[in-house]
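Subject: Structure handover

Hello,

Please find the structure below, followed by notes on what was found in it.

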Amino acid sequence: MLQDQRQLLEQGIQNLGIDCSAQQIQLFLDYLQMLQRWNKAFNLTAIRDPIQMIKLHFLDSAAVHHHIQGAERVIDVGTGPGLPGIPLAILNPQINFKLLDSNGKKTRFIFQAVSELRLPNVQEINHRVEEYQPESQFDIVVSRAFSAIPDMLAQCEHLLNKDGFFLAMKGKKPDSELSQIDKTYKVVDLSRLNVPQIEGERHLIKIIKTTAITQPTKGNS
């Protein structure tokens, strides 16, 4: 069983075009074991089968890897048990991640996972997003299952630095949500993610605040 899990994970990450060491693969598998163990008592995710966890949680999260390159600080809002934050942190030890959720049992799990996996680039935040005031703002705000896109933008605007952007992970293309975005925001990329072993649609929407475009022009006038 463990060998099947390892092969599925290795093949999936390879198909995503990601370089991943044997040590990083082991971190994924250790995280998987922790998630299964804690899930029995705390119901962290509705997905119980480890193979499905790899497909629907780990590979789905890893599919965002190429879209966060160059960032220094990333916050995952509504992270739940650390998704997509922990998989992305395993793959990107050079990036600092904050994993925010208002659910205490989920952030306690993240704290334990980060401790056991020894991920120095991850910190859990048990807070409501609209009340969280970070010391420094972030290059990227990523959300996998937090809220509708207009709500995400409104509640997370204060977290983003002037050159940063939002990444909203969605299943089917969320036309209704996109039509409700305030004019102060702009969708600059809408990518269909091809996640190995997953048949359903996956989309990633990149959004910026339009003032991030206009401000440099004003400053030069």
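Two strands are said to pair if DSSP finds at least two bridges between them. Helices (H or I, at least four residues) and strands (E, at least two) are DSSP runs, numbered from the N terminus. The model is predicted, so local features need pLDDT of at least 70 and side-chain atom pairs count only at pLDDT 80 or more, while totals for chains, interfaces and linings use all residues. Residues are numbered from 1 along each chain as its sequence is written, and side-chain values use heavy atoms, with hydrogens and water left out.

The sheet

Seven strands form an open sheet with mixed pairing, in the order E3-E2-E1-E4-E5-E7-E6. Strand E3 (122-126) and E6 are at the edges with a single partner strand each, so one side of each has no neighbour in the sheet. From one strand to the next, the twist averages 20°. (Axes are lines fitted to C-alpha atoms, for helices over the stretch in contact, and angles run from 0 to 180 degrees between N-to-C directions.) Helix H5 (residues 104-117) packs on the sheet, where it touches strand E2 (96-101) and E3, and its direction makes about 165° with that of E3. Contact here means heavy atoms within 4.5 Å.

Strand E7 (residues 203-209) has antiparallel pairing with strand E5 (residues 160-170) over 5 bridges, and with strand E6 (residues 185-192) over 7 bridges. Which residue in E7 is the bridge partner of leucine 167? That partner is lysine 206, and lysine 206 is also the bridge partner of aspartate 189. Methionine 169 stands opposite leucine 204 in E7. Of the 7 residues of E7, 5 are buried, so the strand is largely enclosed by the rest of the structure. Buried means under 20% relative accessible area, exposed over 50%, and partly exposed in between (1.4 Å probe, protein chains only).

The aromatic rings

There are 6 aromatic pairs in the structure. Rings of Phe, Tyr and Trp (its six-membered ring) pair if their centres lie within 6.5 Å; planes under 30 degrees apart count as stacked, over 60 as edge-to-face and the rest as tilted. Phenylalanine 166 and tyrosine 185 make an edge-to-face pair, 6.1 Å centre to centre with 75° between the planes. Phenylalanine 166 belongs to strand E5 and tyrosine 185 to strand E6, so the pair ties together parts 19 residues apart in sequence. Phenylalanine 166 counts as buried at 1% relative accessibility, and tyrosine 185 counts as buried at 10%. Elsewhere, ring pairs link Phe28, Tyr31, Trp38, Phe42, Phe58 and Phe109 into a cluster.

Two lysines sit over rings: lysine 206 over the face of phenylalanine 165, at 4.3 Å from the ring centre, and lysine 209 with its charged end over the ring of tyrosine 185, 4.7 Å from the centre. A charge sits over a ring if NZ of Lys or CZ of Arg is within 6 Å of the ring centre and within 35 degrees of the ring normal.

Helix H3

Helix H3 (residues 50-62) has 10 of its 13 residues buried, so it is largely enclosed by the rest of the structure. Among them are Met53, Ile54, Phe58 and Leu59. The buried residues of H3 pack against helix H1 (2-15), helix H2 (22-42), helix H4 (85-91) and E5. At the start of H3, the backbone nitrogen of isoleucine 51 has a side-chain oxygen of aspartate 49 within 3.2 Å.

The side chains of aspartate 60 and arginine 202 are joined by a polar contact of 2.9 Å. (A polar contact is a pair of N or O atoms within 3.5 Å; within protein, one must be able to donate a hydrogen and the other to accept it, and residues adjacent in sequence count only if both atoms are side-chain atoms.) Arginine 202 is in the loop between E6 and E7.

Loop positions

Most residues other than glycine have a negative phi, and most peptide bonds are trans. Asparagine 43, in the loop between H2 and H3, has a positive phi of about 50° although it is not a glycine. At 45% relative accessibility, asparagine 43 counts as partly exposed. Arginine 118, in the loop between H5 and E3, also is not a glycine and has a positive phi of about 55°. At 72%, arginine 118 counts as exposed. The peptide bond from leucine 83 to proline 84 is cis, with omega near 10°; proline 84 lies in the loop between strand E1 (73-77) and H4.

Regards
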